[in-house]
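Here is a friendly briefing to read alongside the model. Please keep the sequence and the 3D view open as you go.

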Amino acid sequence: MSDTRPQLKDLTLDALRAHLAKCGDAPWRADQIAAWVYTRGVEDPAAMTDLSADLRARLAADWRWRALEVEAVERSADGTRKARLAAADGEIVEAVLIPEARRTTLCVSTQVGCPLACSFCATGALGFRRNLSTAEIIDQVMRMRELLPEDRQITNVVFMGMGEPLLNLPHVLSAVELLLHPKAFAFAPRRVTVSTAGVVPKIAPLLEAAPVNLAVSLHATTDAVRDVLVPLNRRFPLELLMETLRGLPRLGPRRPIFFEYTLIRNVNDAPEDARRLVRLLRGLPSKVNAIPMNPHPGSPYRPPEPAVAERFLAELASRGVRVTLRRPRGSDIAAACGQLAARASGSRFVKPPLRSAENPAGGV
Ligand code: SAH
């Protein structure tokens with residue numbers, strides 16, 4: 001029989017406080033429980049020695065304490081680690097730890113598969129299976145943290161794994177609340193980044209609820225090309241997306257929007273693309289993260305020649321756009337951007353919108 005008890009980590013601290021009060025316990029016990037679970041990584045109520053034996057017994061009986069178990073861990077030559085994590089129903093998600101000199105970034109998934117079917121992304125080819133619960137998002141932090149040596153901590157969390165965070169907003173917001181809460185993980189808001197392919201109506205609600213960084217997966221500067229790379233663009237085209245971003249409150253040069261731009265050979269890597277990108281971003285506090293396309297089996301897309309990528313970056317930089325070229329991390333273990341596909345099966349990639357003499361702008 002499957003265990004139908006609720007998961008403790010589905011509750012925000014306020015919800016846990018309210019639950020305890022309802023059961024006749026002191027609400028501030030929630031802070032003690034959070035310190036054990038989120039600060040110390042203890043998931044067995046029997047070990048929570050500052051709680052009464054009676055409360056410990058009820059906590060053990062009423063709740064499930066773990067939502068994901070590590071199934072496999074792969075380690076890249078560059079130190080990146082990717083884990084396959086199994087949920088109680090057998091679904092698999094992937095999370096990636098990226099150690100750098102001064103920080104360690106964890107990339108978390110928000111859905112099993114993804115409904116957006118971006119044509120260059122391995123996760124998109126899986127189709128959508130289901131949303132992750134809050135506990136399943138949080139357990140990626142719990143399980144991945146255990147892989148780190150004592151002297152290393154996760155310093156940054158990016159919602160850039162499998163799935164579209166803004167199509168699972170309630171669970172993403174509860175998870176963000178636990179990440180930021182001083183009595184739980186206590187991450188500074190600027191160390192948490194939520195990335196979206198452009199689910200326009202959910203962008204303002206995200207930022208109203210949580211002061212996190214926003215990343216937008218742009219990848220193209222015309223609707224013709226973006227319609228093919230990010231099919232969601234047909235519902236929320238570029239102009240609407242950019243207008244929505246311009247209307248966001250509380251933006252400033254110290255709080256830019258991050259734009260992800262996957263450079264794809266002969267698709268979006270021309271100097272004209274760079275110049276159109278400059279125009280799109282004009283007046284918007286922004287930072288562009290250009291990422292050379294990470295190839296994966298079944299995809300027709302390739303990264304540009306290094307000189308072409310350099311030229312693209314130089315076009316942006318010379319016009320005052322802040323831009324960095326991201327090195328692919330963990331690509332040898334398929335842990336790099338767009339390579340997460342825990343259950344890759346047949347692919348359903350579309351024909352790339354290559355530029356040609358008849359179609360100089362690319363697109364189909
Ligand atoms: N759905 C959200 C969260 C995923 S973030 C979003 O789209 O923003 C994952 C990032 O990797 C996105 O910017 C995505 O476009 C990018 N990506 C997908 N496939 C890629 C590939 N093959 N090479 C490089 N980047 C890729």
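R191 counts as partly exposed, because its relative accessibility is 39%; buried stands for under 20% relative accessible area, exposed for over 50%, and partly exposed for what falls in between (1.4 Å probe, protein chains only). This is a predicted model, in which local features need pLDDT of at least 70 and side-chain atom pairs count only at pLDDT 80 or more, while totals for chains, interfaces and linings use all residues. Residues are numbered from 1 along each chain as its sequence is written, and side-chain values use heavy atoms, with hydrogens and water left out.

**Around R191**

- R191 sits in the loop between α5 and β8 (192-196); helices (H or I, at least four residues) and strands (E, at least two) are DSSP runs, numbered from the N terminus.
- Leaving out residues up to four places away in sequence, R191 touches T155, N156 and V157, where contact means heavy atoms within 4.5 Å.
- From C-alpha to C-alpha, R191 and L180 are 9.3 Å apart in space, and they are eleven residues apart in sequence.

**The domains and their interface**

- The domain assignment divides the protein chain into domain 1 (8-62) and domain 2 (76-344); such bounds come from an automatic or database domain assignment.
- Between the C-alpha centres of domain 1 and domain 2 there are 33 Å.
- To the contact, domain 1 gives 16 residues and domain 2 gives 16 residues.
- About 1200 Å² is buried between domain 1 and domain 2, with 54% of that area from carbon and sulfur atoms; buried area is the accessible area (1.4 Å probe) that two parts lose on being put together, summed over both.
- Three salt bridges are found across the interface of domain 1 and domain 2, each being a side-chain nitrogen of Lys or Arg within 4 Å of a carboxyl oxygen of Asp or Glu.
- On the side of domain 1 that touches domain 2, α1 (13-22) and α2 (29-39) each supply at least two residues.
- The largest share of that side of domain 1, six residues, comes from α2.

**A salt bridge to look at**

- E43 and R143 form a salt bridge, and their closest N and O atoms are 2.6 Å apart.

**Nonpolar cores**

- The largest nonpolar core holds 101 residues, and F159, L245 and F259 have the most contacts inside it; a nonpolar core is a set of buried Ala, Val, Leu, Ile, Met, Phe, Trp, Tyr and Cys residues joined through side-chain atoms within 4.5 Å.
- Helix α5 (residues 169-180) provides the largest share of this core, seven residues.
- This core lies between domain 1 (8-62) and domain 2 (76-344), because both give residues to it.
- Another core, of eleven residues, lies apart from it and includes A86, C107, M162 and A335.

**S174 in helix α5**

- S174 is found in helix α5, and it counts as buried because its relative accessibility is 18%.
- Setting aside its neighbours within four places in sequence, S174 is in contact with T12 and T134.

- H219 is not a glycine, yet it has a positive phi of about 70 degrees.
- H219 is placed in the loop between β9 (213-217) and α7 (223-229), and it is buried, with a relative accessible area of 5%.
- N266 is not a glycine either, and it has a positive phi of about 60 degrees.
- N266 belongs to the loop between β10 (257-263) and α9 (271-281), and it is partly exposed, with a relative accessible area of 40%.
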